[in-house]
Amino acid sequence: MKKLEKKARLLAAQIRRGTITRKEADAKMARYRARLNESEKRSALRYRPRTSGASRLTNADFIKAAEEKRSLTLAKNGALNQVQELIKAIIDKDEILSFARYFYGPNASTTIPVLSPRPALPAGQSEGASGIASDSTAQMGTTEIQPMIYFAELPVTYEALKLNSINLESELPEIFREAFQAAMHEGMLVGTGSGKEMKGIFVSAKDNASGQTAISGAKPTISELAALALTLAGLNGNYDLVMHPSIYADILSDATDSEDVKLYKESLIRDKKIEGINVRLDNNAPSAKSSGAVLVAGVPLDRYAIGVAGEVEIRPVTKTGDTQTYFQALMPFSGKAILDGDIYSLVVA
């Protein structure tokens, strides 16, 4: 995880300096991730730890736990290690989640210091100057993340448990990985932010009124998207334009017959870029066009923070009159944009 984050930061710095393009950086990151995965596989085979009956879960453990109606956890090597391995699995298979910053801890109640805005521009002073006005521009604030419990359930038949037809020890983490990945991905985009729930970037965009641009018609035009992209191109950070595929289709249907629109449309279709800003399509992004709805969000994905707490706990539960055992998995996490003010958007008037 730390190696991937370090590599991503180095590539981001090269992009800012203009030594490589975003497309080249993405290709380098993909090759680095593949090499790292292969290295970890070889290391795991070479240094595979010995397991004993006391530290290794078997189907018999699950059966006994189910019969006694007690909880059973998978993290025998420590809660933090289990959580990090799960997150690695999510990051490897989810591009948008891979850009977020992750904070781990026993409770992952995270307070992130934020300097906003930056200090005023330094001004030259004559020799021996005094009485210089105090700068009240810069202010320190905080962004707080309070994880909440996310829940998933898997029913398993009595035959599967008793006849030992499947290896639950190895299958359950992968099964629940997909469920938690879907919840985390959706939360990063459209989570309501109510209580301790994840706050999505589209909700943050709605809260940042100063970053909103109202579209002129019923759907965004290519010129409006280009104007937003130009705004993002002038900001510090690696911004992306995120939208639902149906909104993207609406933009491409722009029939304006001008050379600039034709060039922008060609760039969108060929490279999924406009004015150098990447366009990311996601089915979890909102598509409704009601008044005030955010249709396109311009966001630095690496300024989204996710706090992950504790271990993944799997509890077997049985019900009266039911031969199935219900394995209930719980994982505590939450997330939000570090600053809502970083997010710009196109909204329906």
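I began with burial, where buried means under 20% relative accessible area, exposed means over 50%, and partly exposed lies in between, with a 1.4 Å probe and protein chains only. By that rule 39% of the 349 residues of the protein count as buried.

I noted next that this is a predicted model, in which local features need pLDDT of at least 70 and side-chain atom pairs count only at pLDDT 80 or more, while totals for chains, interfaces and linings use all residues. Residues are numbered from 1 along each chain as its sequence is written, and side-chain values use heavy atoms, with hydrogens and water left out.

**Entry: overall picture.** I looked up the secondary structure, taking helices (H or I, at least four residues) and strands (E, at least two) as DSSP runs numbered from the N terminus, and I found 11 helices and 14 strands. I then looked up contacts, meaning heavy atoms within 4.5 Å; among those between residues at least 6 apart in sequence, 77% join residues at least 24 apart. The accessible surface, from the Shrake-Rupley method with a 1.4 Å probe, comes to about 19,100 Å², and 51% of that area belongs to carbon and sulfur atoms.

Entry: I found an open sheet of 6 strands with mixed pairing, in the order β6-β14-β10-β7-β9-β8. Its edge strands are β6 (212–214) and β8 (273–274), each of which pairs on one side only.

I followed β9 (residues 277–281), which is joined to β8 by 2 bridges and runs antiparallel to that strand. Here Ile274 stands opposite Ile277 in β9, and Lys273 stands opposite Asn278. The two strands β8 and β9 form a hairpin with 2 residues between them, and Glu275 in the turn has a positive phi of about 50°. To β7 (residues 240–243), in contrast, β9 is joined by 4 bridges in a parallel arrangement, with Met243 standing opposite Leu281 in β9. I also noted that β9 is mostly covered, since 4 of its 5 residues are buried.

Entry: I looked up Glu178, which has its place in helix α7 (residues 168–190). Glu178 is partly exposed, because its relative accessible area is 47%.

Leaving aside residues up to four places away in sequence, His185 touches Asp94, Ile96, Leu97, Asp282 and Asn284.

**Entry: the second largest pocket.** A pocket is found on a 1 Å grid over the protein atoms alone, as an open set of points with protein on both sides within 12 Å along at least five of seven lines, and lining residues have an atom within 4 Å of a point. I found that 31 residues line the second largest pocket, with Ala8, Arg9, Ser98, Phe99 and Asp302 lying nearest its centre. The elements that give two or more residues to this lining are α1 (2–17), α2 (22–46), α5 (95–99) and β2 (101–105). The largest share, 8 residues, comes from α1.

Note on methods
1 Å grid on protein atoms, 1.4 Å probe; cavity = no way out; pocket = protein on both sides within 12 Å on 5 of 7 lines; lining within 4 Å. Pairing = 2+ DSSP bridges.
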